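Hi,

Here is the structure we talked about. Please have a look, then read my notes below.

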Amino acid sequence: MAISGTGWIKREEFMLFADVAETPATPSWELLGEKVEDMSLAMNPNVTTVTDITGNVTTSLDKYEKQTDVSPMRAKRDSKFFAILYDIVKEEKTLSDVERTFLCVNVFDSIEKEGKTVYAAWTQKAVVAVQSYGGNTEGLDIPFNLHWFGKKTYGTFDPATKTFTADI
C-alpha cells in the first residue's frame, strides 16, 4: 500500500463500517458516522511507570484497550445497523450477542489492483455497548461504544463493490 500525495489527511479518509449481514458467511458493510462530528479509535494505552530503589525510572506499555465512542447516533429507519442497536436495547442483549465485526478503511492509503483503486483496511471484532436510548427533540438517539478485541485481519477494501479482501 502507499500513502500518496501531500498535505493534510481529511478525517473522512478514515471510514468505519459495520457488518450488518444476517449471516456471517457474506458480510454486508454499512458506513457509520452520518451526523456524527467526532468518532475516533481511542487507543487507551496501558502504560506503567516504576521507579526502583536506585531512582531509575522504567516505563512500559503492555497493551491497548481500544474503544470507539459513537455519539450522537441518530436512529434512521433504513439503517440495518440501527435495527441491530434497537434489538440490543429491546432484548437487553449481552455477551456474544453484542459482538459484531467492523471494517476500518484508510482511503489515504491506496493501490491500483486489477485496474481498480483499493484501500488499505482491516476487520476486527468489537463488543457493542449501547449507552442510552432516547434523546432530545432532534431525533431518537442511541449512542454506543465499541470495545475492540481479538486480532485484526488486514487486507483491502474495494469501494465499488463494498468488498473486503483479506491479505494472504
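The backbone nitrogen of K80 sits 3.0 Å from a polar atom of the E30 side chain. Keep in mind that this is a predicted model. The E30 side chain also reaches the backbone nitrogen of F81, at 3.2 Å.

E30 belongs to strand β3, which covers residues 29-32. Is E30 buried or exposed? E30 is buried, and it has no salt bridge. The nearest side chain of opposite charge is that of K80, 6.9 Å away. Beyond its neighbours within four places in sequence, E30 is in contact with L16, F17, A18, V20, S79, K80 and F81.

Next, the surface. M43, V47, L61 and Y64 make a nonpolar patch of about 350 Å². L61 is in strand β5, residues 57-64. Its relative accessible area is 42%, so L61 is partly exposed.

Last, A166. This residue is in strand β10, residues 163-166. A166 is partly exposed too, because its relative accessible area is 36%. Which residues does A166 touch, leaving aside its neighbours within four places in sequence? They are T153, Y154 and G155. W122 is 44 residues from A166 in sequence. In space, the C-alpha atoms of A166 and W122 are 7.9 Å apart.

Best wishes

Conventions:
Residues numbered from 1 in each chain as written. Predicted model: local features only at pLDDT ≥ 70, side-chain atom pairs only at ≥ 80, totals over all residues. Heavy atoms only, no water. Patch = residues over 30% accessible without salt bridge, like charges linked within 9 Å, V, L, I, M, F, W, Y side chains within 5 Å. Areas by Shrake-Rupley, 256 points an atom, 1.4 Å probe, with all protein chains shown as cover. Salt bridge = Lys/Arg side-chain N within 4 Å of Asp/Glu carboxyl O. Helix = DSSP H or I, 4+ residues; strand = E, 2+ residues; numbered from the N terminus. Buried < 20%, exposed > 50% of the residue type's maximum accessible area, 1.4 Å probe, protein only. Lys, Arg positive; Asp, Glu negative; His and termini not counted. Polar contact = N/O pair within 3.5 Å; in protein donor to acceptor, adjacent residues only side chain to side chain. Contact = heavy atoms within 4.5 Å.
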